Amino acid sequence: NVHAAALAKAYPFDEATSVFAGDVIGDLARHPKRLSPKYFYDATGSELFEQITVLPEYYPTRTELGILRDRGDGIAAIIPDGAALVEFGAGATTKVRLLLEHCEFAAYVPVDISGDFLKAQADGLRKDFPRLGIYPVAADFTTPFTLPEAVAAMPKVGFFPGSTLGNFEPSEALAFLRSARKILGHGAQMIIGVDLEKDERVLYDAYNDAAGVTARFNLNVLVRINRELGGNFDLSGFTHRSIYNRDRHRIEMHLISRKAQTVRILGNTFAFRPGESIHTENSYKYSLERFTALARSAGWTVRESWTDANTMFSVHALVA
Ligand code: AVI
């Protein structure tokens, strides 16, 4: 990141902020402009995402929870007793609790970049599952990390809910599934939630909710750039847009400039044409066939797939 190196000399940022600054300046200098969806999740963004998960239009979270609840016995039947559950990314504990209640896990290993968040989450679970060994790992789960020694001898079960896979580009999704297989080891299993292609109106509404929470979530990345990097984005100068790109099987989120304007960030000036977009997120939607093929290319076999009655969302058990 050449920008980060130069910025680190000029500004007294911590390492994470230098990387954020370098990414923002590099990505806004591109044509078309873009920003990485990983920067949505500051404290406000994480709170807005929690609000999204309970919106009437946003079906994925409640549908996946329904599948985990209704198919809990089926999932438990294929998981060996005494296994270690390794969760890639640790959000709200609602989903993992469902698995822990249905299956006899000996250990739980939440992996997340935010150490503070992990600690709070682990403390809450310890109270309700006193016999479960909890071994948090503070790491970026998209890069290789080692599992704690304590779970070395246990069978491993990965857990990657929420269709987070959908926010990866296809090449990144493949790389992640390969890396997870390496980390979990031979004979491991993985439970993964994947959002499905469906009626475009349903997809459109899920990312253009009537209450405007998704719009606030999208715009919050500009608020964050203003606060953390001293940018001067005029929030009323940008509008939220989500569209379904049918050819690429993905929802795209954009922030559209309402007028000709310039924005300054750390000594850099970015010019916007009226109607010009910053592409902020892709959310890929899979068919069962395309997901099966992707898992296969990464060295996994789909052992079982579960969906809700309306085939809106899917949960898969993979074997390495
Ligand atoms: C976290 N991720 C799976 C969400 C999604 O649906 O792609 C993020 C999101 N973006 C807008 N609404 C929700």
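Colleague: In this predicted model, how are the helices α4 and α6 oriented to each other, roughly parallel or roughly antiparallel?

Modeller: The axes of helix α4, which spans residues 59-70, and helix α6, which spans residues 94-102, come within 10 Å and cross at roughly 5°. Angles under 35 degrees count as roughly parallel, whereas those over 145 count as roughly antiparallel. The relation of α4 to α6 is therefore roughly parallel.

Colleague: Which residues of α6 meet α4?

Modeller: From the side of α4, the residues in this contact are T61, E64, L65, L68 and R69. By class, the contact of α4 with α6 has 4 nonpolar, 3 polar and 3 charged residues. The residues that α6 brings to it are T94, K95, L98, L99 and H102.

Colleague: Turning to the ligand, which strand supplies at least two residues of the shell around it?

Modeller: The ligand is surrounded by Y41, F49, I52, Y58, G162, S163, N167, Y207, F217, M253, E281 and S283, and these shell residues divide into 7 nonpolar, 4 polar and 1 charged. Helix α3, covering 43-52, supplies at least two residues of the shell, and so does the strand covering 277-284, which is β12.

Colleague: How much of the area that the ligand exposes when taken alone does the protein bury?

Modeller: An oxygen atom of the ligand is 2.5 Å from an N or O atom in the side chain of Y58, and an oxygen atom of the ligand is 2.7 Å from an N or O atom in the side chain of S283. A nitrogen atom of the ligand, in turn, is 2.8 Å from an N or O atom in the side chain of E281. Taken alone, the ligand exposes 340 Å², and the part of this that the protein buries is 95%.

Colleague: Is the peptide bond from H31 to P32 cis or trans?

Modeller: Most peptide bonds are trans. P32 is found in the loop between α2 (15-28) and β1 (33-34). The peptide bond from H31 to P32 has an omega near -5°, and its form is cis.

Colleague: What is the phi of H249, which is not a glycine?

Modeller: Most residues other than glycine have a negative phi. H249 lies in the loop between β8 (238-245) and β9 (250-257). Although H249 is not a glycine, its phi is positive, at about 55°.

How values were computed
Residues numbered from 1 in each chain as written. Predicted model: local features only at pLDDT ≥ 70, side-chain atom pairs only at ≥ 80, totals over all residues. Heavy atoms only, no water. Near = heavy atom within 4 Å. Polar contact = N/O pair within 3.5 Å; in protein donor to acceptor, adjacent residues only side chain to side chain. Areas by Shrake-Rupley, 256 points an atom, 1.4 Å probe, with all protein chains shown as cover. Helix = DSSP H or I, 4+ residues; strand = E, 2+ residues; numbered from the N terminus. Nonpolar A, V, L, I, M, F, W, Y, C, P; charged D, E, K, R; others polar. Axes fitted to C-alpha atoms, helices over the stretch in contact; angles between N-to-C directions. Parallel < 35°, antiparallel > 145°, perpendicular 65-115°, else oblique. Contact = heavy atoms within 4.5 Å.
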